[in-house]
Amino acid sequence: MDTSVNGGNGQPGSSRPTQVTKLDRVVIRFAGDSGDGMQLTGDRFTSEAAAFGNDLATLPNFPAEIRAPAGTLPGVSSFQLHFADYDILTPGDRPDVLVAMNPAALKANIADLPVGGTVIVNTDEFSKRNLTKVGYEVNPLEDDSLASFQVFDVQMATLTQGALKETGLSKKDAERCKNMFALGLLSWMYHRPTEGTERFLREKFARKPDIAEANVLAFRAGWNYGETTEAFATTYEVPPAAFPPGNYRQITGNAALAYGIVAAGQCSGLPILLGSYPITPASDILHELSRHKNFNITTMQAEDEIAGVGAALGAAYGGSLGVTTTSGPGIALKSETIGLAVMSELPLLVIDVQRGGPSTGLPTKTEQADLLQAMYGRNGESPVPIIAPQSPGDCFAAVLEATRIALTYRTPVLLLSDGAIANGSEPWLIPNADDLPDLRVTFATEPNALDGSDEHWPYVRDTETLARQWAIPGTAGLQHRIGGLEKADGKGNISYDPDNHDRMTRIRQAKVDGITVDDMVVDDPSGDARLLVLGWGSTFGPIGAACRRVRAQGHKVAQAHLRHLNPFPANLGDVLRSYDRVVIPEMNLGQLALLLRGRFLVDAVSYNKVAGLPFKAEELQHVLTTHLNELEGVPA
Amino acid sequence: MTAVDLGLPSLGGLDGVPGAEGPQKAKDFKSDQEVRWCPGCGDYVVLNAMQSFLPSLGLRRENIVFISGIGCSSRFPYYMNTYGMHSIHGRAPAIATGLAVTRPDLSVWVVTGDGDALSIGGNHLIHALRRNVNLKILLFNNRIYGLTKGQYSPTSEPGKVTKSTPVGSLDHPFNPLSLAIGAEATFVARTLDNDRAQLTSILTAAAQHRGSALVEIYQNCPIFNDGAFDVLKEPGQAEQRLIPLEHGKPIVFGDQAVIRTAHGLDIAKADQVSPEDVVVHDATIDDPSYAFALTRLSTQNLDHVVTGIYRDTTRPTYDDQARQQVDTAVAAKTPNLQALLNGSDTWTVG
């Protein structure tokens, strides 16, 4: 092991010839080829920032192809991380630092960098051939095209290979560790703790100790390179953020969804059956849950999307908490079964991690264009409650709320996450398991016929919730038949009676409309804003950041965010009508706005973008400023 | 990927399903719903046979569930005084799988038809069979779409003239049992709606089988495909066409016998082959090739139709193994939600 340079362990106290600058926030983007391990690199830097106590938000961005042709623009994979000494809301609009592992990564990302930004380039990949591949006629490192940035040329592959020379690893294998070299360099530059990454590498490659050590060596070599070369005059410190007291961890949206499902099982006391079919970006929920069978969780990778939800519904019929997880195309396939769950009034949790559409669309990019599909994407009058989390950590609470509704009202519930939430991560105040809601249910045990007979009538309802009883097979005396055909009110036999169908349709609607949900909270610091900006889902971060910026400029703006998309909070109409203007930014072409205009006759104004990426705070700031100026009569 | 031998003990199909306290009668299994199939429909016979047969199993009624898809036969659950779900087209095996995996105390039956199981639901059928979920699947095959008023089905003969195929259907039909055995179903049988004795004995064996059991029932639709199976019921014809299987017995029928050929099985005049060349039926052969060869003796034009239990073999079931994985995990690690939420990288503020 090379200990000649400074011990290389990055412990505080190691000599620092460089000047240290304090920053309150930094945005770093790691960009490279799909095979360069950029997601892992970003993930590790995130963990280091979390362990250090910064607030953070991340934005992974990668192609749908597992290995797009090497060195090409479509093959570029990136991971953006925003960390700060205060609470931040977004992964950052523009990177302060771009780490470009090849010409394609440079070309694909350089336009996002503000003037004066830092570029750290792996020069080993800047061969004539690689430059030509992405359309660089002249090496951008050799002309003045990067003159407005601070560029650091680093031979990452060569240096990594040099550091691993003694390991006996082939040149190719050694070169593959260059992402850890980059991580080491950035960790040095930002005074990050390194123990976690070294421990992680040894655990990840526990079965290949030589690979583990090679990665650790590369990581330390990157650190030492920063420490010993004089290329980097400055390092940066971003002090820890002030969080509310408690225990924290870093969490992605998909992990939080999976933990929410585990918790829903524990809080309800029900066994869980997850029926799912692999689909980007939802598969990680299936992966995670399949590791927690000890919580009485059965995970079933079904033959298709339809079977996934079918198995979940079959399990729900038998008294389990049935769950299915998918993305938009999967919801399209599951629609008929969700309709059956509406008709048979069985609890069912349906999770849609939205991605770009229509059809296969943009599998790895984010969008929130499944709202109307969730709301109306079934035949007939088929109301389904809809819940949306607003951030990665919020997914946990959103699952528990969706489960509460499903179990209390015996209905399928759709939870709309999205790609940005699914793969993005943030610090999460770990809930106390003892404080989670009580979701226990009561199964029917006695006949309930309204005519006093000893029969079970499956469609007799609770007068308050309108929920029918959950009478599960195996319960003596309650044998009954349910299904997709219209049911006679109460008794539940097949009924083609016109009045009955009209009544049952209205009852199903009334049941969903009557679900009790918390009032929407409006953040209006001055109390007299004329402009309300309303969002749902993952736009919470950028909308919030934009509001802060606008307020910092002395403007007044109110912000509200919908967790419940169906039914809406009871105060929503009044809130909307109490502002002179309502702006609704959505990563679709105006789906929530359509619902609100139809429901409340409010002339809400949409701001829409479907670029597969989250809104930028700057962009929304501009939108809000324009509206404020209009309201205030300021000429454009 | 590593394969794990779960080492499960062999079980009967009804192990774990609680028994009834007293004797039962057929009428105990009749619901109060008026049966609404067309007069003369073969479904009546199957329904009556089922209601008469179930008391012999001695199971608690509330632990029996019938799940169906869409089609005439899929109304079946409404007429049974058990638990039941009349679900959506083709999806009954998927829904039943979820129920069977989570509820080992239930005897789960799927009722389906040739359109429901082989056309819109073909995918779920083959996957249920390959997984070997402990389900009993009754496939009512009338070779026609009845509920939608008479279009050809995936088991209709080519050239069939129907409302949707006025100049004849172009589809090559499925041999449902070839399909099932291709999916390596562990229990495969066929019978006719008019052969109540055979139907009952097959239902009994299917119920006792642990794993997926596919029972194809040739069933007459008197409205849209009347007489489709009449040649199998006519005296003088039946003996020469029907090939009944009995485990351990030589396969002989009429004046004919089933013999081995270089590539499979064939039919020969019994008096022209020596007795040792006649195949002795063995439903327990693990290799599906033999049972598959048996299915190929049945022809679409009904010149020959093999009935009885083709295959009754043992393979671990998906649901037993899924529960075993959960049980093992529960035994190995006490669920601790707080520890899960904490994870391994936690920091404390304040």
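Domain bounds in these legends come from an automatic or database domain assignment. The structure is a predicted model, in which local features need pLDDT of at least 70 and side-chain atom pairs count only at pLDDT 80 or more, while totals for chains, interfaces and linings use all residues. Residues are numbered from 1 along each chain as its sequence is written, and chains are lettered from A and ligands numbered from 1 in the order in which they are written.

**Figure 1. Domains of chain A.** Chain A is divided into domain 1 (6-237), domain 2 (249-435), domain 3 (442-516) and domain 4 (522-632). Taken over C-alpha atoms, the centres of domain 1 and domain 4 of chain A are separated by 36 Å. Five residues of domain 1 of chain A are in contact with eight residues of domain 4 of chain A; two residues are in contact if their C-beta atoms, placed from the backbone, lie within 7 Å. On the side of domain 1 of chain A that touches domain 4 of chain A, three residues are nonpolar, one is polar and one is charged. Here Ala, Val, Leu, Ile, Met, Phe, Trp, Tyr, Cys and Pro count as nonpolar, Asp, Glu, Lys and Arg as charged, and the others, Gly among them, as polar.

**Figure 2. The contact of chain A with chain B.** Chain A gives 60 residues to the contact and chain B gives 51 residues. Helices (H or I, at least four residues) and strands (E, at least two) are DSSP runs, numbered from the N terminus. Helix 11 of chain A brings the largest share of that side, nine residues. The side of chain A that touches chain B holds 29 nonpolar, 25 polar and six charged residues.

**Figure 3. Strand pairing between the chains.** Strand 17 of chain A pairs with strand 2 (residues 83-86) of chain B in the parallel sense, over three bridges. Two strands pair if DSSP finds at least two bridges between them. B:His86, in strand 2 of chain B, is the bridge partner of A:Gly483.

**Figure 4. The six-stranded sheet of chain A.** An open sheet of six strands has the order 3-4-2-5-6-7 (chain A), with mixed pairing. Strand 3 (55-61) and strand 7 (150-154) of chain A are at the edges, each with a single partner strand, so one side of each has no neighbour in the sheet. Neighbouring strands of this sheet are turned by 15° against each other on average, direction ignored. Seven bridges join strand 3 of chain A to strand 4 (residues 76-84) of chain A in the antiparallel sense, and A:Gln80 in strand 4 of chain A is the bridge partner of A:Leu59. Helix 1 of chain A packs on the sheet and touches strand 2 (25-33), strand 3 and strand 4 of chain A; the direction of helix 1 makes about 10° with that of strand 4 of chain A. Axes are lines fitted to C-alpha atoms, for helices over the stretch in contact, and angles run from 0 to 180 degrees between N-to-C directions.

**Figure 5. The seven-stranded sheet of chain A.** Seven strands form an open sheet of mixed pairing in the order 11-10-12-13-15-14-21 (chain A). Strand 11 and strand 21 (564-566) of chain A are the edge strands, each pairing on one side only. Strand 14 (residues 386-387) and strand 21 of chain A run antiparallel and are joined by two bridges; A:His564 in strand 21 of chain A is the bridge partner of A:Ile387. Helix 11 of chain A lies across strand 10, strand 11, strand 12 (321-326) and strand 13 (348-354) of chain A, at about 165° to strand 10 of chain A.

**Figure 6. Packing of helix 4 and helix 6 of chain A.** The axes of helix 4 (residues 156-163) and helix 6 (residues 178-189) of chain A are 9 Å apart, and the helices pack at an angle of about 100°. Helix 4 of chain A is therefore roughly perpendicular to helix 6 of chain A, a term for angles of 65 to 115 degrees. A:Met156, A:Ala157, A:Leu159 and A:Thr160 in helix 4 of chain A meet A:Lys178, A:Phe181 and A:Ala182 in helix 6 of chain A.

**Figure 7. Cis peptide bonds in chain A.** A:Thr280 and A:Pro281 are joined by a cis peptide bond with omega of about 0°. A:Pro281 is in the loop between strand 10 and helix 10 (283-289) of chain A. A cis peptide bond also joins A:Asn566 and A:Pro567, with omega of about -5°.

Note on methods: Parallel < 35°, antiparallel > 145°, perpendicular 65-115°, else oblique.
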